Amino acid sequence: MNQTLTGARPLLRAALKQDARNIGPWIVLITALSASSVLAYAWVFPDLPARQQLSSTLGSNPALSLIFGPARDLLTADGFNAWRAGALGGFFAALMAIFIVVRNSRADEDSGQAELLASGVMGRQTRLAVAMLMAVLASIALGVVSWLVTVAFGGGWTNSLALSATFTASGLMFAGVAGIAAQIGSDARAANSIAVATLGIAFIVRGYIDASQTGGWAVWLTPLGWLEQVRPATANNGWPLLLALGLAIVLAGVALALHARRDFGLGMIAPRRGPARGGLVASVWGLALRINRGSLISWLVAFAGLGLVFGFLATSIGDVFASNPNMGGLIKSGATTQAGLIFGFLVTILQLVGIIAAVLGVQVVMRIYAEETDYRVEPVLAGALSRVKYLASNAIIAFAAPAVALLVAGTVIGLVAASAEPGIAVGDVVLQALATIPAVWTLVGLALAVVGANPRARLAGWLGVVATFALTLLGPLFKLWNWILGISPLWHVPNVTATSPDWSGLGIVTVVAIAFTAVAFAGFRRRDVI
C-alpha cells in the first residue's frame with residue numbers, strides 16, 4: 001500500500017463500526033422516502049381519473065417543481081416515485097456524505113482525536129481518504145438498500161435501480177465537495193457550512209430552472225441537474241451517472257492534493273483572531289450573540305439571496321400559468337387573476353422559506369446543548385448567572401433570527417415581484433411573511449422545549465421541521481384529513497389577501513409556541529447540566 005495511505009484498512013474498520021449508528025438513519029430515511037411513494041400510490045390514486053387529476057394538478061404548480069423537480073410521468077407508481085423521491089433523495093444523500101466526511105476528518109482534528117491517531121503508524125492522507133471512502137461505501141449501501149426495498153414494495157426493477165443510482169451518485173459527488181471544504185474551512189463547523197452552502201446553491205439553481213421551465217442547456221449548470229437527466233421511470237439514461245462519477249473522482253483528487261499541503265488543524269481560511277477587549281462578550285447577552293454571530297450573518301445573506309431567486313422566479317411564473325391550460329382557463333373565465341395566482345405561488349414559497357427559517361432557529365437551539373457537551377456552560381453558570389437568564393439569552397436569538405430572516409426574504413421577494421407584476425403589492429408579501437413567523441416560532445419552541453427539558457430527545461426538534469415540510473407540501477397531495485394537516489403550524493397561516501382571512505388558527509399556534517417555551521424554561525431550571 002502507498003505509504004501516504006498506511007493504516008487505512010484498520011482505521012476504516014474502526015471508523016465504520018463507530019459511525020454506523022450515525023449513517024444508518026440516513027439510509028433508512030431515504031429508503032423510506034422511495035418505498036413509501038410506491039406503496040402509497042395505488043392507495044391514494046387507485047384509478048386512471050385520479051392519476052390524471054394528480055398529473056394536471058402538479059403540472060399547474062411550479063412551487064412543487066421547485067422542490068421535487070419536473071413531474072414527467074405521474075400515471076405510474078414508478079414515475080410518481082421518481083418525482084417525489086428523486087430530488088429530495090439526492091439532496092439527503094448529499095447531506096449524508098457531507099456529514100460523514102467532515103465528521104471523520106476535520107471534526108477529529110478539532111477534538112484532538114486525529115492527533116492521537118497520527119502519533120501511530122499512519123500515512124498523511126489516510127484519515128481523509130478513509131473519511132471519503134466511508135461516504136462512498138455509505139452511498140453505495142444506500143443505493144443497494146433503496147433499490148431492493150423499493151422493489152420489494154412494488155417498484156420496477158429497472159426503474160427503481162435508476163432512481164437509487166441517482167442517490168448514490170449524489171452522495172459520491174458531495175463526498176468530494178465535503179473533502180475540499182474540509183481543507184478550506186478553519187474548523188469542522190466552517191467546513192460543514194461551506195459544503196452545505198454549496199449543496200444548497202446547487203439545489204436552488206436546479207429548482208429555479210425546473211420551476212421556471214427554462215430547460216435546454218440550463219439543466220447542466222448544476223450537478224443535481226445532471227442527475228435529473230437520468231430520468232428514472234421514463235428514459236433510465238445511464239450516461240449522466242458516468243459524468244457524476246467522473247466529477248466525484250476529480251473532486252476527491254483535488255481534496256487529497258489540498259490535504260497534502262494543508263497544515264494540521266488549520267484550514268486554507270484562517271480563523272479570525274479574537275477581540276483584544278471583552279466588548280461584546282461582557283454580558284451573557286453578548287456572549288450568546290458572539291457564539292452565533294458568524295452563522296447568523298451567513299444565514300441572513302443566504303435569505304437575501306433566496307429572496308432574489310424566488311422573486312425573479314415569481315416574475316416568470318405568470319408566463320408558466322398562462323401556458324397551462326387549466327390556469328389559463330381560470331384567468332380567462334375571470335375566476336381569478338394572474339396576480340392572484342402569482343400571490344398564491346408566493347404564499348407557498350414563503351411557507352418553504354419559513355421551513356428554512358425554522359432550520360436556522362433550531363440550529364441556534366441545538367447550539368445550546370453543543371455548548372453543554374463541550375463543557376462551556378457549567379463554568380458560566382458557576383457564578384451568579386441564573387439558568388433562566390442564560391437560556392433566555394439564547395432563546396431570544398433562536399426566535400429573533402428566523403423572524404428577521406423571513407422578513408428579509410419576504411421584503412426582497414416583494415420588491416422583485418412587484419417590479420414585474422403591478423398587481424403584487426410589496427406590503428402584502430411582507431405581511432404574509434409576518435403572518436408566517438408565529439408558525440416558525442412553534443417549531444423553534446418545540447426544539448427549545450426538548451433541549452431545555454430533555455436533551456436526549458433533541459432529535460424531536462429536527463423531526464418537527466421534517467414533519468412540517470412533509471405535511472405542508474405533500475399532505476394535500478395525499479388527501480390527508482384536515483386534523484392531520486393541522487399538525488403543521490404552517491397549515492394555520494392564512495392568505496392575507498383573502499377576502500376574510502381566518503386568524504384564529506394563527507392565534508392557537510402562537511399559544512402553542514408560548515407553551516413550548518414555558519416547558520423549556522421549567523425543564524432547564526430542574527435538569528442536570530453537563
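How do the axes of helix H1 (residues 8-44) and H4 cross, and within what distance do they come? The axes come within 8 Å of each other and cross at roughly 175°. H1 and H4 are therefore roughly antiparallel to each other. The residues of this contact comprise 18 nonpolar, six polar and four charged ones. These values, like those that follow, were computed from a predicted model.

## Helix packing

Two packed helices are described by the angle between their axes and the distance between the axes. H4 also packs against helix H8 (residues 157-184), at an angle of about 25° and with the axes 7 Å apart. Because angles under 35 degrees count as roughly parallel, H4 is described as roughly parallel to H8. H4 passes H8 in a right-handed crossing. In the contact of H4 with H8, 13 residues are nonpolar, nine are polar and one is charged.

A further pair is formed by helix H7 (residues 126-152) and H11, whose axes cross at roughly 155° and come within 10 Å. H7 and H11 are therefore roughly antiparallel to each other. The crossing of H7 and H11 is right-handed.

| Helix pair | Angle between axes | Distance between axes |
|---|---|---|
| H1 and H4 | roughly 175° | within 8 Å |
| H4 and H8 | about 25° | 7 Å |
| H7 and H11 | roughly 155° | within 10 Å |

## Aromatic pairs

How many aromatic pairs does a search of the whole structure find? The search finds 14 aromatic pairs. One of them joins Phe-68 and Trp-83: the ring centres are 4.9 Å apart and the planes stand at 45°, so the pair is tilted. Phe-68 belongs to helix H3 (residues 62-68) and Trp-83 to helix H4 (residues 77-103), so this pair ties together parts that are 15 residues apart in sequence.

Are Phe-68 and Trp-83 buried or exposed? Phe-68 has a relative accessible area of 2% and is buried. Trp-83 is likewise buried, with a relative accessible area of 3%. Both values fall under the 20% cut-off for a buried residue.

Trp-83 also forms a tilted aromatic pair with Phe-80, at 5.9 Å centre to centre and with 40° between the planes. Phe-80 and Trp-83 both lie in helix H4, where they are three residues apart, or about one turn of the helix. Phe-80 is buried, as is Trp-83.

These residues belong to a wider arrangement. Ring pairs link Tyr-41, Phe-45, Phe-68, Phe-80, Trp-83 and Phe-469 into a cluster.

## Charges over rings

Which residue has its charged end over the ring of Phe-203? The charged end of Arg-206 sits over that ring, 4.6 Å from its centre. In another case, Arg-387 lies over the face of Phe-524, at 5.8 Å from the ring centre.

## Backbone in the loop between H10 and H11

Most residues other than glycine have a negative phi, and most peptide bonds are trans. Ala-233 is not a glycine, yet has a positive phi of about 75°. This residue lies in the loop between helix H10 (223-228) and helix H11 (239-261). With a relative accessibility of 16%, Ala-233 counts as buried.

Asn-236, also not a glycine, has a positive phi of about 55°. Asn-236 lies in the loop between H10 and H11.

## Separation in sequence and in space

Leu-172 is found in helix H8, the helix that packs with H4. Leu-172 is buried, with a relative accessible area of 17%. How far apart are Leu-172 and Val-136 in sequence and in space? They are 36 residues apart in sequence and 5.7 Å apart in space, C-alpha to C-alpha.

Val-353 is placed in helix H14 (residues 338-373). Its relative accessible area is 0%, and Val-353 is buried. From C-alpha to C-alpha, Val-353 and Asp-187 are 28 Å apart in space, with a separation of 166 residues in sequence.

Terms used
Residues are numbered from 1 along each chain as its sequence is written. This is a predicted model: local features need pLDDT of at least 70, side-chain atom pairs count only at pLDDT 80 or more; totals for chains, interfaces and linings use all residues. Side-chain values use heavy atoms; hydrogens and water are left out. Rings of Phe, Tyr and Trp (its six-membered ring) pair if their centres lie within 6.5 Å; planes under 30 degrees apart count as stacked, over 60 as edge-to-face and the rest as tilted. Helices (H or I, at least four residues) and strands (E, at least two) are DSSP runs, numbered from the N terminus. Buried means under 20% relative accessible area, exposed over 50%, partly exposed in between (1.4 Å probe, protein chains only). A charge sits over a ring if NZ of Lys or CZ of Arg is within 6 Å of the ring centre and within 35 degrees of the ring normal. Axes are lines fitted to C-alpha atoms, for helices over the stretch in contact, and angles run from 0 to 180 degrees between N-to-C directions. Angles under 35 degrees count as roughly parallel, over 145 as roughly antiparallel, 65 to 115 as roughly perpendicular and the rest as oblique. A crossing is left-handed if the near helix is turned anticlockwise from the far one by less than a right angle, and right-handed if clockwise. Ala, Val, Leu, Ile, Met, Phe, Trp, Tyr, Cys and Pro count as nonpolar, Asp, Glu, Lys and Arg as charged, and the others, Gly among them, as polar.
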